[in-house]
Amino acid sequence: MTVERIFDELGHFKRYQACLYFAAVFQAVACGIHYLASVFLVETPNFVCSVPGNITDVLYGNLTGSTLEDFLPVFNPGTGPLVVRTAEGEQWELSRCRCALRIDPTGFTYDFDGNKTVRACDENFVFDHTEVQQSIVTDWNLVCAREWLAKLCQPTFMLGVLIGALVFGDLADRVGRVKILMFTSLCQFGLGVSVAFSGNYYFFVVLRFLLAMVSSGYLVVVFVYVTEFTGIKVRTWTSMHVHAAFAVGIMTVALTGYLVRVWWIYQIILSICTSPFLLFCWKFPETPFYLVAKGRYKEAEALLEAIARFNGIDHRLKVEELLQPEEKENGGALLKAEEEERPSQSEKKLSILDLFGSWRMAGRTCTVWAIWFIGSLGYYVFSLGSVNLGGNQYINLFLAGAVELPSYLVGCFAMDRIGRKKTCAPALLLAGVACMLIIMVPADIDALAIALCMTGKFAIAIAFGLIYLYTCELYPTIIRSLAVGSGSMMCRVGSVVAPFCVYLAEVWVYLPQLIVGILAFVIGVLTLLLPETLGKPLTTTLEEAEALGREPSKKNSTLGNKDAEDRLEMNQHEAKV
């Protein structure tokens with residue numbers, strides 16, 4: 001691409017680009033924070049139904065006491081109710097969502113064979129504040145008949161993520177990257193703090209939905225921003241490691257959740273973690289790609305001079321040199337890459353059905369969609385469900401974020417050396433085997449089960465980061481964007497389904513991971529049927545794409561892969577949605 005000459009002249013990742021990159025990625029930490037904050041916002045502590053009157057005595061099996069709070073840390077509704085006696089002499093049997101009044105008891109004993117009057121709790125509950133001092137569940141009694149409201153928080157957030165990606169991705173192309181970065185960053189801070197003072201459940205959900213939109217919008221645009229400021233030689237690594245900032249956000253949630261057990265204070269602290277970004281984001285320049293594309297040549301020229309001066313390089317490149325002859329004459333502002341990729345009016349308008357034009361392409365598309373789906377589903381199931389694995393929930397969530405960091409390093413290294421298929425398929429198979437082995441772990445060995453789940457998260461993260469580039473290389477130019485876009489929609493479907501899958505932990509604590517493991521293993525086997533694309537040029541026609549994998553390639557051309565990475569990484573910002 002013509003504009004790519006900027007990086008050949010001024011450096012692919014020198015001081016100027018490095019400063020912008022780390023500053024922009026710093027705010028991406030907030031996206032990981034807000035995506036996973038609900039893990040502790042909607043945490044449900046142990047609880048029991050309350051009764052009118054003052055409680056004087058409590059029985060639980062062979063244990064005796066005078067307050068319900070003394071028994072809640074050890075109360076298990078599956079082993080029997082709590083029996084209480086009030087100052088008025090009434091005796092009640094208490095469970096989580098109902099209570100029973102004993103009729104004419106003769107003594108105060110745990111077992112009772114007489115008549116009882118059973119009724120549902122009327123939003124009167126006593127919560128265990130040993131671990132969770134205050135959450136939205138305890139504040140607004142989101143248990144029993146209202147439990148579904150608590151479970152709806154994360155799916156509605158993910159719906160906001162989906163809409164935000166679509167809205168702000170389009171706006172960034174219209175008004176510029178920097179304006180959207182500034183707007184979404186400011187809204188992340190403002191809406192994040194506002195959530196802490198929402199006051200009621202419905203206002204809380206609306207604010208979180210809007211927060212999801214701007215968080216997703218920032219993640220979309222920051223990926224494009226850093227991609228357009230770094231050269232093609234480092235673009236794979238810089239784009240992959242934007243996701244590392246997301247993982248740091250997950251670890252921040254775990255640490256803050258451990259230190260702060262009051263939800264609104266926890267929310268405020270998380271919202272101000274990246275607030276220093278607001279102090280300097282207004283100094284961010286617009287990207288050279290965007291300035292040239294919009295015909296803002298004087299601003300582009302000034303930017304090139306600033307980059308050269310900061311990088312300590314003699315500036316000789318002129319903006320006019322980046323334009324095609326036709327563009328110079330007509331004052332056009334389109335990049336050469338955009339001109340090449342724009343289909344002519346005479347070309348047939350393609351639809352999603354063209355992804356299924358033959359049995360071979362249909363099978364390839366179904367497999368690719370499945371990888372997108374399991375990548376997103378597995379990522380969020382492992383992240384959101386890590387607190388249900390047993391042991392210390394804060395350590396579990398921290399590890400779920402930390403394990404991502406080496407996965408991106410391994411993924412970047414392997415995909416360029418052993419191939420895309422030979423990296424993706426083993427990663428999915430490893431995730432599947434690790435998760436399915438959980439059923440063989442004894443119930444009292446939490447550490448082994450957690451280790452297997454983290455292995456699964458590590459492997460899923462590799463496949464999830466790889467599928468963007470792999471999809472780009474598997475399809476020809478005429479339907480490449482369509483393939484990546486449809487895969488991204490499957491990714492979003494996975495993220496919306498993930499919270500519901502996590503709720504299956506109530507049936508069996510490891511059931512969500514087991515489901516992901518089975519799906520990952522099956523899809524990993526199907527991935528082995530895909531063609532390898534390492535060292536092969538990008539295809540331009542459906543016939544060339546179908547021919548991939550039929551004959552061994554004798555040429556090891558890396559130019560096609562570089563082009564694929566450059567085109568694809570502009571879409572990779574949809575990784576977390």
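Q: Why are helices α7 and α8 called roughly antiparallel to each other?
A: In this predicted model, helix α7 (residues 177-196) and helix α8 (residues 201-227) pack at an angle of about 150 degrees, with their axes 8 Å apart. Angles under 35 degrees count as roughly parallel, over 145 as roughly antiparallel, 65 to 115 as roughly perpendicular and the rest as oblique, and α7 and α8 are therefore roughly antiparallel. The axes are lines fitted to C-alpha atoms over the stretch in contact, and the angles run from 0 to 180 degrees between N-to-C directions.

Q: Which hand does the crossing of α7 and α8 have, and what residue classes make up their contact?
A: The crossing is left-handed, a word used if the near helix is turned anticlockwise from the far one by less than a right angle. By class, the contact of α7 with α8 has 16 nonpolar, seven polar and two charged residues.

Q: How do you know whether Leu-72 is buried or exposed?
A: Buried means under 20% relative accessible area and exposed over 50%, with partly exposed in between, for a 1.4 Å probe and protein chains only; Leu-72 has 0% relative accessibility and therefore counts as buried. Leu-72 is found in the loop between β3 (63-65) and β4, and, leaving aside residues up to four places away in sequence, it touches Asn-46, Phe-47, Val-48, Val-126, Phe-127 and Asp-128, where contact means heavy atoms within 4.5 Å.

Q: What makes strand β4 largely enclosed by the rest of the structure?
A: Four of the five residues of β4 (residues 82-86) are buried, so this strand is largely enclosed.

Q: How do you know that β4 pairs with strands β2 and β5?
A: Two strands pair if DSSP finds at least two bridges between them. Strand β2 (residues 55-60) and β4 are joined in the antiparallel sense over four bridges, and β4 and strand β5 (residues 91-94) likewise pair in the antiparallel sense over four bridges. Within these pairings, Val-84 is the bridge partner of Val-58 and stands opposite Trp-92 in β5.

Q: Why is one side of β3 and of β7 left without a neighbour in the sheet?
A: Six strands form an open sheet in the order β3-β2-β4-β5-β6-β7, with antiparallel pairing. β3 and β7 (116-120) stand at the edges, each with a single partner strand, so one side of each has no neighbour in the sheet.

Terms used
Residues numbered from 1 in each chain as written. Predicted model: local features only at pLDDT ≥ 70, side-chain atom pairs only at ≥ 80, totals over all residues. Heavy atoms only, no water. Helix = DSSP H or I, 4+ residues; strand = E, 2+ residues; numbered from the N terminus. Nonpolar A, V, L, I, M, F, W, Y, C, P; charged D, E, K, R; others polar.
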